[in-house]
Amino acid sequence: MSLLRVDRLTVRFGGVTALEGVSFELEPGQVCGLIGPNGAGKTTLFDCVSRLTRPQGGRVELDGQDLLALEPHQVARLGIARTFQHLGLFGSLTVRENVMLGGHHTCRAGFGAAALRLPSVRGQERALRRRADEVLERLGLAHLAARPAAGLPYGTLKRIELARALGAAPRLLLLDEPASGLSHGEVDELAEAIAAVRADGDLTVLLVEHHMGMVMRMSDKVVVLDFGRKIAEGAPAAVREDPAVVQAYLGVPA
């Protein structure tokens, strides 16, 4: 059974169709690259999966459960985490605290218990701290745990953003242009970090990225969007040679 199933997903903003009847499935443990030119609908699809956008048609299921019937915080509790194109870290917080925020939805304490600092609350915080430290260690960031996020190099901040998403212990990780703005060396480091995390646990990844080398190297399969429609799906080597994909990226002679 597929972990993620997107079925005939359609999204319109006024007179603009962002997605039109897009369908694909993602098996547990797969890395799927979601690519296409700017404006193809990739981030809109991410927003539907994480329930930031409500589509006009279609279904999105995780393990057979209808995600579109849930609120965003309920989706997170099912095991979906994501990064964003633009960093959303808190510069005044330490690296560890930023990563701990990724798992805050797993805490079950109410407002009163949190305000009184009851033992159950302290226990949950210790668990979040342990999880954060494990993720930072895995990504080679443990030495920065107590440092404020502000002032750290951009490539490091990208890895901290990844660590925060992993702090939620997700089953499905949505990566929205994680290599944007990175140097070639930083892209390689990030790709290695993602591969290592995937190998360590039962993690499924949906990757939106314009860095084609990274996508083709990491992905088990690739889905290609153009003007909101799916124009190709398959193994990276086959998709790379698909005439429709070449035309979408390079155009055709006038």
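How do the residues of the lining of the largest cavity divide into nonpolar, polar and charged? Five are nonpolar, one is polar and three are charged. The classes are set like this: Ala, Val, Leu, Ile, Met, Phe, Trp, Tyr, Cys and Pro count as nonpolar, Asp, Glu, Lys and Arg as charged, and the others, Gly among them, as polar.

Ground rules, quickly. This is a predicted model, where local features need pLDDT of at least 70, side-chain atom pairs count only at pLDDT 80 or more, and totals for chains, interfaces and linings use all residues. Residues are numbered from 1 along each chain as its sequence is written, and side-chain values use heavy atoms, with hydrogens and water left out.

Back to the cavity. Rolling a probe the size of a water molecule over the atoms shows where empty space is left. On a 1 Å grid over the protein atoms alone, a cavity is a set of points where a 1.4 Å probe fits but cannot get out; a pocket is an open set with protein on both sides within 12 Å along at least five of seven lines; lining residues have an atom within 4 Å of a point. Points are joined across faces, edges and corners, and a volume is the space filled by probe spheres set on them.

The search of the whole structure gives one cavity of 30 Å³ or more. The largest cavity has a volume of about 60 Å³. Its lining is T83, F84, K158, E161, L162, L175, D176, P178 and L190. Two elements, α6 (154–166) and β7 (172–176), each supply at least two of the lining residues. The largest share, three residues, comes from α6. Helices (H or I, at least four residues) and strands (E, at least two) are DSSP runs, numbered from the N terminus.

Now the largest pocket. About 540 Å³ of space lies in it. It has 20 lining residues, and A76, I80, A81, R82 and F84 lie nearest its centre. α2 (72–77), β6 (80–82) and α6 each give two or more residues to that lining. Which element gives the most to the lining of the largest pocket? α2 does, with four residues. By class, the pocket lining has ten nonpolar, seven polar and three charged residues.

Next, the sheet. An open sheet of four strands runs in the order β2-β1-β4-β5, with antiparallel pairing. Two strands pair if DSSP finds at least two bridges between them. β2 (16–26) and β5 (65–66) are at the edges with a single partner strand each, so one side of each has no neighbour in the sheet. β1 (residues 4–13) and β2 are antiparallel and joined by seven bridges. In that pair, L4 stands opposite L26 in β2. Helix α1 (residues 42–49) packs on the sheet and touches β1, β2 and β4 (57–62), at about 115 degrees to the direction of β1. Touching is contact, meaning heavy atoms within 4.5 Å. Axes are lines fitted to C-alpha atoms, for helices over the stretch in contact, and angles run from 0 to 180 degrees between N-to-C directions.

Is α1 enclosed or open? Seven of its eight residues are buried, so α1 is largely enclosed by the rest of the structure. Those buried residues are K42, T44, L45, F46, D47, C48 and V49. Buried means under 20% relative accessible area, exposed over 50%, and partly exposed in between, with a 1.4 Å probe and protein chains only.

Follow the chain on to T53, in the loop between α1 and β4. T53 is buried, at 13% relative accessible area. Beyond its neighbours within four places in sequence, T53 is in contact with V11, F13, D47 and C48.

Strand β3 (residues 31–35) has five of its five residues buried. V31, G33 and I35 point one way, C32 and L34 the other. β3 pairs in the parallel sense with β8 (residues 204–208) over four bridges. There, C32 stands opposite L206. Four bridges also join β3 to β9 (residues 221–226), again parallel. L34 has V223 as its bridge partner in β9.

Last item: backbone angles. Most residues other than glycine have a negative phi, and most peptide bonds are trans. R8, in strand β1, has phi near 50 degrees. R8 is exposed, at 56% relative accessible area. F227 has a positive phi of about 50 degrees. F227 lies in the loop between β9 and β10 (229–234), and is exposed at 69% relative accessibility. Just after α1, R51 takes a positive phi of about 70 degrees.
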